[in-house]
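Dear colleague,

Here is the structure I said I would pass on. My notes on what was found in it follow below.

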Amino acid sequence: MFNLNRWMLLFSDWKIFAEGFLITIEISVVSLVTTLLISLIVGLIRCSSSGKAKVVCLAYINFFQNTPLLVQVLFMYNVLPRIGVVLSPFACGCLGLSLYTGAFGASVVESAIKAIPKGQTEAALSQGMSYIQSLFYIVIPKAIKIAIPSMTNQCVNMIKNSANLTVVTAGELMYRADSWAAEYGCYTQSFIVSALLYLILCLPLSKWSEYLEKKVVRG
C-alpha cells in the first residue's frame, strides 16, 4: 500500500482512470434519464385502472427486483445476440442499469402517488378538471416531493451498481481500474483510487438525499 513507486506508476497513468470516471458519469446520466421515464410510466400504470397493463408492470417489477443485475446484464450481452439483438457494451450497460433501477423506482413512484389523499383528486374533478389534468396538476407535483429522497437513493445505488458493468467491458471506472491493476499488479492502489472516485460521485448525492428527506418530513 505504501509502495511509492506503485503510486507514481498509477499517477503517471491517471488518464486511464479519468477516462473510466467520465464513462461512468456518461452511463449514469443516460441511465438516470431512462430510469426516471421507466419509473414514472410504470408507476402511473400501477396506479391506473388498466388490469392487464398493471399485471405486466407487476411482472416486470418482480422480475427485475428479484434477480441480480449481473445476471441481467450478462443475459443482454451474451444471449440477446443469439436471437439477433446486438447491443454495444455501453448500450447494454445503460439498458441493464435502467431496467434494474427502474423497477425499484416504479415502486417508489407508485407508493408516492398512493400516498396522496384521494379527496384531493375528487376535489379537482369537482372543480371541472379532467382526470388527466388532476393527475398532472395536483397528484404528480405532490408525489414528486414525496418520491425525490427515495429516487435520489436509487440514483446513488445505480452509480455504485455500474461497477457490475465491468463484465461486459463497458469501459467504465471499475473496468479500467481492474484492467490496469491486472497489468501492473497494483491492486491496492488501483482499488483505493477507484473507491475514492466512486465516493466523489455518490457522497454528495447521498447527503442531498438526506437533506431532501428531512425537508419533506418538516414540510
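Ser-190 is buried, as its relative accessible area is 0%. Please keep in mind that this is a predicted model. The residue belongs to helix H9, which covers residues 187-218. Leaving aside residues up to four places away in sequence, Ser-190 touches Leu-10, Phe-17, Ala-177, Asp-178, Trp-180 and Ala-181.

Ser-194 is also part of helix H9. With a relative accessibility of 3%, Ser-194 counts as buried, because the cut-off for that class is under 20%. Its contacts, again without residues up to four places away in sequence, are Leu-173 and Ala-177.

The whole chain

The protein has nine helices and zero strands. Read along the sequence, the pattern is α-α-α-α-α-α-α-α-α. The C-alpha trace spans about 75 × 50 × 25 Å along its principal axes. There are 219 residues in the protein, and 38% of them count as buried. Among contacts with a separation of 6 or more, 75% are between residues 24 or more positions apart.

Helices H2 and H3

Two packed helices are described by the angle between their axes and the distance between the axes. For helix H2 (residues 14-46) and helix H3 (residues 51-65), the axes come within 8 Å and cross at roughly 130°. H2 is therefore oblique to H3. Their crossing is left-handed. On the H2 side, the residues in contact are Ile-38, Val-42, Ile-45 and Arg-46; on the H3 side they are Ala-53, Lys-54, Cys-57, Leu-58, Tyr-60 and Ile-61. By class, this contact has eight nonpolar residues, no polar ones and two charged ones.

Helix H4 and what covers it

Which residues of helix H4 are buried? In this helix, made up of residues 69-79, they are Leu-69, Gln-72, Val-73 and Met-76. These residues lie on the same side of H4, because they cover an arc of only 95° around the axis. The elements that cover them include H3, helix H5 (89-114) and helix H7 (131-161).

The packing of H4 against H5 has an angle of about 140°, and the axes are 9 Å apart. That angle makes H4 oblique to H5. H4 passes H5 in a right-handed crossing. H4 contributes Leu-69, Gln-72, Val-73, Met-76 and Tyr-77 to the contact, while H5 contributes Pro-89, Cys-92, Leu-95, Gly-96, Leu-97, Leu-99 and Tyr-100. The residues of this contact divide into 10 nonpolar, two polar and no charged. Leu-69, Gln-72, Val-73 and Met-76, the buried residues of H4, are among the residues that meet H5.

Asn-157 in helix H7

Is Asn-157 buried or partly exposed? Asn-157, which sits in helix H7, counts as partly exposed, because its relative accessibility is 32%. From Asn-157 to Thr-101 the distance is 8.2 Å, C-alpha to C-alpha, although the two are 56 residues apart in sequence.

Regards

Technical notes:
Residues numbered from 1 in each chain as written. Predicted model: local features only at pLDDT ≥ 70, side-chain atom pairs only at ≥ 80, totals over all residues. Heavy atoms only, no water. Axes fitted to C-alpha atoms, helices over the stretch in contact; angles between N-to-C directions. Helix = DSSP H or I, 4+ residues; strand = E, 2+ residues; numbered from the N terminus. Parallel < 35°, antiparallel > 145°, perpendicular 65-115°, else oblique. Left-handed = near helix turned anticlockwise from the far one by under 90°. Contact = heavy atoms within 4.5 Å. Nonpolar A, V, L, I, M, F, W, Y, C, P; charged D, E, K, R; others polar. Buried < 20%, exposed > 50% of the residue type's maximum accessible area, 1.4 Å probe, protein only. Arc of directions from axis to C-beta.
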